[in-house]
Amino acid sequence: MAKPFDAKFVIRATVRHMMNSVDISIQKTLNRIHEFENDPKKSEEVFKALFHLQGLRKYLNTTLQTMEQENEH
């Protein structure tokens, strides 16, 4: 007997795993900010990374919310 397949479940689980990975990256980056406070180039890189990670987190959060709203209808 074939196992049932639910594409929404797979995508939702993947997005949640991605969000977790992004959160870990944000936290690890934040933990290292102090290392680069005297290096303007590295500081710029840190803040670029945080900016893009936050954008990615927002995108994933929006995607997850959209999927959950679609399930309600």
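Biologist: Let's start with arginine 32. Buried or exposed, or something in between?

Modeller: Arginine 32 counts as partly exposed, with a relative accessibility of 41%. Keep in mind that this is a predicted model.

Biologist: Thanks! Which residue does arginine 32 form a salt bridge with?

Modeller: The partner is glutamate 35, and the closest N and O atoms of the pair are 2.8 Å apart. Glutamate 35 is partly exposed too, at a relative accessible area of 43%.

Biologist: Why would side chains like these pair up?

Modeller: Opposite charges can pair when the charged atoms of the side chains come close.

Biologist: And how many salt bridges does the structure hold?

Modeller: There are five salt bridges. One of them joins the side chains of arginine 16 and glutamate 68, at 3.2 Å from N to O.

Biologist: Where do arginine 16 and glutamate 68 lie?

Modeller: Arginine 16 sits in helix H1 and glutamate 68 in helix H2, so their pairing ties together parts that are 52 residues apart in sequence. Arginine 16 is partly exposed, at 43% relative accessible area, and glutamate 68 is partly exposed at 34%.

Biologist: What about glutamate 44, which residue is its salt-bridge partner?

Modeller: Glutamate 44 pairs with lysine 48, and their closest N and O atoms are 3.8 Å apart. The two are four residues apart in helix H2, which means about one helical turn separates them. Salt bridges with shared partners also link Glu44, Glu45 and Lys48 into one network.

Biologist: How accessible are glutamate 44 and lysine 48?

Modeller: Glutamate 44 is partly exposed, at 46% relative accessibility. Lysine 48 is partly exposed as well, at 40%.

Biologist: New topic: helix H1. How many residues does it have, and how far does it reach?

Modeller: H1 covers residues 7-32, which is 26 residues. From its first C-alpha to its last it reaches 38 Å, close to the 38 Å expected at 1.5 Å a residue.

Biologist: Which residues of H1 are buried?

Modeller: The buried residues of H1 are Arg12, Val15, Met19, Val22, Ile26 and Thr29.

Biologist: And what covers the buried residues of H1?

Modeller: The cover includes helix H2, residues 40-72.

Terms used: Residues are numbered from 1 along each chain as its sequence is written. This is a predicted model: local features need pLDDT of at least 70, side-chain atom pairs count only at pLDDT 80 or more; totals for chains, interfaces and linings use all residues. Side-chain values use heavy atoms; hydrogens and water are left out. The expected span of a helix is 1.5 Å times one less than its number of residues. Buried means under 20% relative accessible area, exposed over 50%, partly exposed in between (1.4 Å probe, protein chains only). Contact means heavy atoms within 4.5 Å. A salt bridge is a side-chain nitrogen of Lys or Arg within 4 Å of a carboxyl oxygen of Asp or Glu.
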